[in-house]
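Please view the sequence and model first.

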Amino acid sequence: MKLSRDELKNLMKNKLIKAGLSEEHADMTAEILTWSDERGYHSHGAVRVEYYSERIAKGGITTDPVFEWKETGPCSAIYEGDNGCGYVASTLAMEKTIEMAKKSGIAVTGIRNISHSGSIGYYTEMAAKQDLVAIAFCQSDPMAVPFGGTEPYYGTNPISFAAPTADDRTVVFDMATTVQAWGKILDKRSRHEAIPDSWAVDEKGQPVTDSRLVNALLPIAGAKGYGLMMMVDVFAGVLLGVPFGKHVSSMYHDLSKGRDLGQMFIVMDPSRFVGLDAFKKSMSQVLDELGEMPAAEGYGKVYYPGERAVMRRDKAYETGGVEIVDEIYNYLVSEDVHYDRYDHKNRFAE
C-alpha cells in the first residue's frame, strides 16, 4: 500500500489521538514517524504505532506531562520528561538546546525520564538545519550480548550526528551500536522475512536467521561496538541518574509503567571555532570529494551519511508514495487501538 505523506501522517496521528495523546503531541510524533518511513527507516515508522497506542492506552506514557527545563550552568541543562512521549520531549529539548548553543557556543542537554523517542537522527538534523553541529546518544533496554558474554546487558544504544553544508545537503548519521537495530527485526517480522545470521542469536547464543527466534543482538565490530554501547550508556544513563545497563526498563514488559529513559544532546556552533562559512564550505568540499571518488566494484558511488535516505524519500513520492505493508495499514485504518499482544518474552523490541 502506497500513501502520500499527508495520508500516512494523518492515519498515524489519528490513531495516537484515539489512544489518548493530545492533538499537538500526536502531530509532533506522527511527523517524526513519517520522517522515518519516507526515508526508508521503516523500523522506526508506522510499524511502531500499535505499540505506542497500547502503551498510551495503558498509562505507560504520560499524556499530560509536566516538562521542565533546568539550566545547570551557562551551557548545560537537564530536561525533565515526566515519562511523557519521547518524541515530544526530545523535540522540545532540542529546540531549547539549539537556543543555548547559539547563545553560549555549545550546549549539553540531558533528557531524562522519557519514553521511546524513535529515530534520533531527526533531532540532530534539527540542529544542522540551524547551522549547528550535533551529537545525540540514546539508551534502550538490554537486548545485546556484550563482547565475550552470553546474556544481554546493553541496548542497541544508538548514536547520531548531523552537520550542515554550504548547499542544500545535510549530513545525518544515525546508527545502532548493534549490527542491526531491534526495529529491523520488527520490520522483518512484519514482512515475514529472514535475517542474516550475523545480526542476532537465539536463546542458546547461536546465530539465527528466523526473526521470530531472536533472543539477543550482536554488537558491531565485536569489542569496539561493545565499547560504544558502554559509552552511550554512560552519557545517557549513568550521567543522568536514570536506570543504566541491564536495569533499563523493557520496552514491552509492562506497558502500564513509564520507562524513565535517558538521552543526551551535544550541540556546537561552528562560528565559535573555524567560523560558520568556512565550516560549511569545507563540509560541502568533503561531500563533493567523497561523491567523486571512484566506487568499488558493486557500488554505484560513495554516498555521504543521509544521502540515500533522501534519495529514498524523493523516489517514494515520485512513484506514488511511501510503501506501507498491508498488516500495518490495516491496523492504522481499523477501529482498534491495541491488541494486548506485547510481552517481554515475545517482545518486538527496540
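## Helix H1

Covering the buried residues of helix H1 are, among others, strand S1 (2–3), helix H2 (23–38), helix H3 (49–57), strand S11 (322–323) and helix H10 (326–333). Contact here means heavy atoms within 4.5 Å, and buried means under 20% relative accessible area, with exposed over 50% and partly exposed in between (1.4 Å probe, protein chains only). Helices (H or I, at least four residues) and strands (E, at least two) are DSSP runs, numbered from the N terminus. This is a predicted model, in which local features need pLDDT of at least 70, side-chain atom pairs count only at pLDDT 80 or more, and totals for chains, interfaces and linings use all residues. Residues are numbered from 1 along each chain as its sequence is written, and side-chain values use heavy atoms, leaving out hydrogens and water.

The buried residues of H1 are Leu 8, Lys 9, Leu 11, Met 12, Lys 13, Lys 15, Leu 16 and Ala 19. H1 covers residues 5–19, 15 residues in total, and spans 21 Å from its first C-alpha to its last, close to the expected 21 Å (1.5 Å times one less than its number of residues). Just after H1, Gly 20 has a positive phi of about 135 degrees.

## Helix H6

Helix H6 (residues 182–190) is largely enclosed by the rest of the structure, because seven of its nine residues are buried. These are Trp 182, Gly 183, Ile 185, Leu 186, Asp 187, Arg 189 and Ser 190. Their cover includes strand S9 (216–217) and H10. His 192, which follows H6, has a positive phi near 55 degrees.

## Two loop residues

Ser 117 sits in the loop between strand S4 (106–114) and helix H5 (121–128). Ser 117 counts as buried because its relative accessibility is 2%. Leaving aside residues up to four places away in sequence, Ser 117 touches Gly 86, Tyr 87, Ser 90, Tyr 123, Cys 138 and Gln 263.

Asp 131 is found in the loop between H5 and strand S5 (133–138), and with 24% relative accessibility Asp 131 counts as partly exposed. With residues up to four places away in sequence not counted, Asp 131 touches Pro 164, Asp 269, Pro 270, Leu 276 and Lys 280. The C-alpha atoms of Asp 131 and Tyr 299 are separated by 31 Å, the two residues being 168 residues apart along the chain.

## Val 234

Val 234 belongs to helix H7 (residues 223–236). Its relative accessibility is 39%, so Val 234 counts as partly exposed.
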